[in-house]
Amino acid sequence: MTDPSSRRRPTIDDVAREAGVSRGTVSRVLNGGHWVSPDALTAVNGAIKKTGYRINPHARSLATSRANSIAFLLTESHERLFEDPNFSVLMRGAAEALAERDMSLVLLMAGSDDEQRRATEFITAGHVDGVLLVSSHRGRQAFMSELVGSRVPAISCGIPLGFERKIGSVSADDAEGARVAVEHLRSLGRSRIATIAGPQDTSGGLTRLQGYRLEMDAGADDSLIAYGDYSRVSGAAAMRELLDRRPDLDAVFIGNDLMAAGALEVLAAAGRRVPEDVAVIGFDDSPVAVTTDPQLTTMRQPFERISHEMVRLLLQVIEGQPAATVTLPTELVVRASA
């Protein structure tokens with residue numbers, strides 16, 4: 001008969017005996033390794049592997065009063081989640097950063113009023129330890145106020161308009177990236193440079209338009225500015241509007257790659273050669289940029305670093321540190337469109 005003790009699940013006491021340390025030392029290692037000497041840390045980790053000890057997530061959650069999970073709160077429609085590849089890149093990066101700390105990522109959609117209500121109830125019920133807020137819009141003040149009022153730690157991807165002093169954030173330098181894009185178009189000899197700006201209730205939409213205006217200076221004619229909502233369809237509609245209004249335009253800076261993809265389709269249908277007749281630059285360097293014809297010159301956002309920085313700052317807030325704001329540089333990626 002098999003000895004029942006051989007099937008017994010290893011405990012923290014077994015790890016302590018094997019490592020030759022106290023139970024408290026093992027507990028500190030399991031909860032982050034604070035106040036543990038390097039020798040003790042090595043001994044405990046070795047004992048964990050030798051004994052086959054596994055942390056009980058439920059027990060740890062009860063002991064620490066933490067859910068050991070983080071919400072990826074996307075304030076967009078389900079259609080945008082699947083259309084825009086940037087969201088999946090951010091989610092993957094955040095999940096990888098959290099996996100290094102043995103934490104889970106929970107996707108919450110908050111594109112409608114009902115979804116925002118359910119998301120708020122889920123978050124404030126203690127199911128997550130913090131929130132990664134993605135694609136916040138200025139008009140959703142009540143939702144954001146409730147989130148801030150709940151005192152659940154949160155970090156925003158991009159500046160949370162209206163809540164800049166209450167929520168930390170990680171963002172690309174949108175204004176400077178837009179300025180560099182327009183500067184590149186001007187270096188190609190283009191002078192009638194239009195722009196398709198993103199939604200003006202988002203920080204990216206606002207600041208990329210500001211960067212365009214800054215570089216264009218006196219040349220920032222309103223007739224050269226159209227607006228979209230970051231979708232491919234809106235980029236196409238805005239490009240048609242610009243061609244009707246300013247058929248003499250010779251370049252266009254576009255607020256994201258998806259809108260640029262829609263604009264390229266309209267230019268091709270109108271018989272405008274890219275880049276010979278109209279040079280085009282997008283923003284993001286998303287996977288879309290290498291699927292267009294021609295491939296898209298664009299401003300690269302460091303999405304992987306953005307997601308890892310968001311996780312890092314959020315964990316600091318969870319540990320009681322003040323919220324911080326980080327701005328990361330963009331990079332011009334030159335391809336065939338400009």
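Buried means under 20% relative accessible area, exposed over 50%, and partly exposed in between, with a 1.4 Å probe and protein chains only. This is a predicted model, in which local features need pLDDT of at least 70 and side-chain atom pairs count only at pLDDT 80 or more, while totals for chains, interfaces and linings use all residues. Residues are numbered from 1 along each chain as its sequence is written, and side-chain values use heavy atoms, with hydrogens and water left out.

Q: Why is Ser169 called buried?
A: Its relative accessible area is 2%, and the cut-off is under 20%, so Ser169 is buried.

Q: Which residues is Ser169 in contact with, leaving aside its neighbours within four places in sequence?
A: Contact means heavy atoms within 4.5 Å. On that basis Ser169 is in contact with Ile155, Ser156, Gly158, Ile159, Pro160, Leu313, Ala324, Thr325 and Val326.

Q: What makes E5 largely enclosed by the rest of the structure?
A: Strand E5 covers residues 168-172; strands (E, at least two residues) and helices (H or I, at least four) are DSSP runs numbered from the N terminus. Five of the five residues of E5 are buried, so the strand is largely enclosed. Gly168, Val170 and Ala172 point one way, Ser169 and Ser171 the other.

Q: How do you know that E5 pairs with E4 and with E11?
A: Two strands pair if DSSP finds at least two bridges between them. Three bridges join E4 (residues 154-157) to E5, and four join E5 to E11 (residues 325-328), so both meet the definition. E5 runs parallel to E4 and also to E11. Ser169 stands opposite Ser156, and its bridge partner in E11 is Thr325.

Q: Why is H1 called roughly perpendicular to H2?
A: The axes of H1 (residues 12-19) and H2 (residues 23-30) come within 8 Å and cross at roughly 110°. Axes are lines fitted to C-alpha atoms, for helices over the stretch in contact, and angles run from 0 to 180 degrees between N-to-C directions. Roughly perpendicular covers 65 to 115 degrees (under 35 is roughly parallel, over 145 roughly antiparallel, the rest oblique), so H1 is roughly perpendicular to H2. The contact is made by Ile12, Asp13, Val15 and Ala16 of H1 and Arg23, Val26, Ser27 and Leu30 of H2.
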